[in-house]
Amino acid sequence: LGQGTLEGIEEGAWNEPPASAAPQACRPERKGKKKGPKPLNPNLPRISEVVPDPDLQQLICPVTGKLMRVGLVETIEVLSRVPAQYHVRSISRNVYVSQAGEAPVYSPWPKDVLPRSRIDTGVIARLLTGRFADHQPYHRQHGQLARFGVDLAPNTMVSLVKQACEKLYPLYRHLIKQVLASGYIQLDPTPIPMISEKKSGSVKQACMWTYRALDGPVFFEFNQTKIGTTPAKTLDKYKGLLQTDGATNFGGRPDKPDITHLACWAHSRRYFVRAAEAGEARADAYLDRIDRLFYFERLARRWRIKSETLRRLRQRHSLPIIEKLFEMARDYVADELLLKTPMPQAVKYLLGHEKSLHECFAHIPSRIDNNLAENALRPLKLGAKNWLFLGHPDAGPQAAIMFTLVENCRQAEINPEAYFADVLARIDDHPASRIEEFIPQNRVAQNHPAEK
């Protein structure tokens, strides 16, 4: 089946139900990865070792009495690790002075060194990766460093993170502009616990917003309260598609003529899943049809069909299912919609977002779910179980900057520690007009050696 073609999809695979397929007389040969140990990463450095030969007496053949010869050489590859080592760099430079009292002349310190903090970017990169990629609290990293004989207090770590944020802020601003210029944004919030300044020892709910371009970069934005107008301000000049999950308790969503709202069928499906789990048999009919919609979308992405073909397939296959879903919802007993049980709530959500759920299929390219934004938020939300809460309001914007860069590194599949070490060492002398070169996705395209 050729890429972007319509023949074969409409008559064959597209019409197959998502549940099961008809049994075949002969099962085709299984394709994919073979069983057994996986080969080790070829990009890892190799260190050769040779096992010493047995004693000479063991090499004498007991039958012929002659010395045995080498028949073959066996080689195995074993993943190994050298424990991390910290050392002190003693860096010297000559300072030239004039007898006339003129200003001294000297060479600058290396770019990867913070002279006042007496630390280099390699240590800062390890700190940032541990905190924002591995979600290790500062006190835990303090204990880890102590095992290597390094005394780096948690408050010093906080100061180093602040310095790194100041250096990387222009890169964060450029990512925001890039996402806002994409024309298609998926938006999703999540609550973040933060220490309350009013009541000692208590926490309050702050909010971290995710803005993700369609299959592109992402940025996070912090707000001290989960109810506010953060997206409305950020997207004040935005024009294009905006996809959300329909939640209404996380701040103002921009409502302008030049913004088209798309809802999330995955979120709608969850309501019917709850209804089915509560024993409501009528939810199965809705779930079967919604699952078929997702099956069609997965099939379209698998074959990477062209935009016009996708539009025709949606009109022919998906839209009739959608119309049937809303017809079933409108036929639902009106009195039951007043109940606060799972099934009426699911039907009310479906009818309440009818227009924006329809919009998911009217724009090419578009997705019928908000899962890209949720996937970007998931590492942050899971990591919060380690660091529990933000200790200060100023930590929120700093966390937004670092989580933004870490998540873009994750999308680009590059090592965030190597990325931070290289960028922090070079960003001060880098032209502001070429700041986009430091975007993680762009560095993959450039095949930068720091991320190999």
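1. Which residue has its charged end over the ring of Phe132? The charged end of Arg131 sits there, 5.0 Å from the ring centre. A charge sits over a ring if NZ of Lys or CZ of Arg is within 6 Å of the ring centre and within 35 degrees of the ring normal. Arg274 likewise has its charged end over the ring of Tyr271, 5.1 Å from the centre.

2. On the basis of this note: the model is predicted, local features need pLDDT of at least 70, side-chain atom pairs count only at pLDDT 80 or more, and totals for chains, interfaces and linings use all residues. Residues are numbered from 1 along each chain as its sequence is written, and side-chain values use heavy atoms, with hydrogens and water left out.

3. On aromatic pairs: a pair of aromatic rings is described by the distance of the centres and the angle of the planes. Rings of Phe, Tyr and Trp (its six-membered ring) pair if their centres lie within 6.5 Å; planes under 30 degrees apart count as stacked, over 60 as edge-to-face and the rest as tilted. The structure holds 11 aromatic pairs.

4. Helices (H or I, at least four residues) and strands (E, at least two) are DSSP runs, numbered from the N terminus. Tyr169 counts as partly exposed because its relative accessibility is 40%, whereas Tyr172 counts as buried at 7%. Buried means under 20% relative accessible area, exposed over 50%, and partly exposed in between (1.4 Å probe, protein chains only).

5. On the pair Tyr271 and Tyr349: here the rings are stacked, 4.7 Å centre to centre and 20° between the planes. This pair links distant parts of the chain, with Tyr271 in helix α5 (residues 265-277) and Tyr349 in helix α8 (residues 342-352), 78 residues apart. Tyr271 is partly exposed at 22% relative accessibility, and Tyr349 is buried with a relative accessible area of 8%.

6. On the largest pocket: its volume is about 1200 Å³. Of its 28 lining residues, Glu49, Val50, Val51, Thr75 and Ile76 are the closest to the centre. On a 1 Å grid over the protein atoms alone, a cavity is a set of points where a 1.4 Å probe fits but cannot get out, and a pocket is an open set with protein on both sides within 12 Å along at least five of seven lines; lining residues have an atom within 4 Å of a point. Grid points are joined across faces, edges and corners, and a volume is the space filled by probe spheres set on the points.

7. On the second largest pocket: about 870 Å³ of space lies in it. Its lining has 26 residues, and His87, Arg118, Ile119, Asp120 and Val123 lie nearest the centre. The elements that give two or more residues to this lining are β3 (113-114), β4 (119-120), α1 (121-133) and α12 (416-426).

8. On cavities: the whole structure has 2 of 30 Å³ or more. The second largest cavity holds about 40 Å³ of space. Among the residues that line this cavity are Leu114, Gln163 and Lys167. Helix α3 gives the most to the lining, with 4 residues.
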